[in-house]
Amino acid sequence: MTIFALAFMAPVPILASAALNFLNAGRRPRLTLKLTEAATLLALGIAIASAVGLGSIGPGVSQTIGIEGLGLSARLDAVSAVMLVLASFIGWVVVRY
């Protein structure tokens with residue numbers, strides 16, 4: 001996996017936390033708040049790692065995930081790195097509040 005594909009990994013901890021919290025349903029599950037905050041902090045860490053990788057390697061595009069040229073790819077440049085870090089930080093602030 002290249003540093004450019006790391007941007008795809010930022011929402012994965014949040015999705016995993018949502019799935020685990022869905023399975024642990026109840027009135028007030030004990031680990032829900034801690035697990036969700038840890039997932040958002042991990043997503044923020046991945047976003048910061050993407051920005052640091054951008055600073056060291058430079059802008060670029062990840063490989064296409066799909067079949068015969070159709071699929072998803074991530075472009076990592078200065079604007080997308082700032083937006084990824086900003087969205088992850090705001091997500092952590094909302095969860096923390």
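Trainee: What does the count of salt bridges come to?

Mentor: The count comes to one salt bridge. The model is predicted: local features need pLDDT of at least 70, side-chain atom pairs count only at pLDDT 80 or more, and totals for chains, interfaces and linings use all residues. Residues are numbered from 1 along each chain as its sequence is written, and side-chain values use heavy atoms, with hydrogens and water left out.

Trainee: What makes Arg-96 and Glu-37 a salt bridge?

Mentor: The term requires a side-chain nitrogen of Lys or Arg within 4 Å of a carboxyl oxygen of Asp or Glu. For Arg-96 and Glu-37 the closest N and O atoms are 3.1 Å apart, so the pair meets the rule. Side chains of opposite charge can pair when their charged atoms come close.

Trainee: Is Arg-96 buried or exposed?

Mentor: Buried means under 20% relative accessible area, exposed means over 50%, and partly exposed is in between (1.4 Å probe, protein chains only). Arg-96 has 54%, so Arg-96 is exposed.

Trainee: Which helices and strands does the protein chain hold, and how many?

Mentor: There are three helices and four strands, running α-α-β-β-β-β-α from the N terminus on. Strand β1 covers residues 60–61 and includes Gly-60.

Trainee: Why is Gly-60 called buried?

Mentor: Gly-60 has a relative accessible area of 12%, and therefore counts as buried.

Trainee: Why does Pro-13 count as buried?

Mentor: Pro-13 counts as buried because its relative accessibility is 12%. Pro-13 belongs to helix α1 (residues 12–23). Beyond four places in sequence, Pro-13 is in contact (heavy atoms within 4.5 Å) with Ala-39, Leu-42, Ala-43 and Ile-46. The C-alpha atoms of Pro-13 and Ala-39 are separated by 5.0 Å, although these residues are 26 apart along the chain.

Trainee: Which residues make up the largest nonpolar core?

Mentor: Leu-6, Ala-10, Ile-46, Ala-47 and Leu-84, five residues in all. A nonpolar core is a set of buried Ala, Val, Leu, Ile, Met, Phe, Trp, Tyr and Cys residues joined through side-chain atoms within 4.5 Å. Ala-47 touches Leu-84, Val-85 and Ser-88, leaving out residues up to four places away in sequence. In soluble globular proteins, nonpolar side chains tend to be buried together.

Trainee: Is Met-9 buried or partly exposed?

Mentor: Met-9 is partly exposed, because its relative accessible area is 32%. Met-9 sits in the segment before α1. Its C-alpha atom is 8.7 Å from that of Ala-47, 38 residues away along the chain.

Trainee: What makes the pair of Phe-89 and Trp-92 tilted?

Mentor: Rings of Phe, Tyr and Trp (its six-membered ring) pair if their centres lie within 6.5 Å; planes under 30 degrees apart count as stacked, over 60 as edge-to-face and the rest as tilted. The structure holds one aromatic pair. The ring centres of Phe-89 and Trp-92 are 6.0 Å apart and the planes are at 40°, so the pair is tilted. Phe-89 and Trp-92 are three residues apart in helix α3, about one helical turn. Phe-89, at 38% relative accessible area, is partly exposed, and Trp-92 counts as partly exposed at 22%.

Trainee: Which residues form the nonpolar patch on the surface?

Mentor: Val-79, Met-83, Leu-86, Phe-89, Ile-90, Val-93 and Val-94, with about 640 Å² of accessible area together. Patches are made of residues with over 30% relative accessible area and no salt bridge; like charges are joined within 9 Å, nonpolar side chains (Val, Leu, Ile, Met, Phe, Trp, Tyr) within 5 Å. Met-83 lies in helix α3.

Technical notes:
Helices (H or I, at least four residues) and strands (E, at least two) are DSSP runs, numbered from the N terminus. Accessible areas come from the Shrake-Rupley method with a 1.4 Å probe; for residues, only the protein chains shown count as cover.
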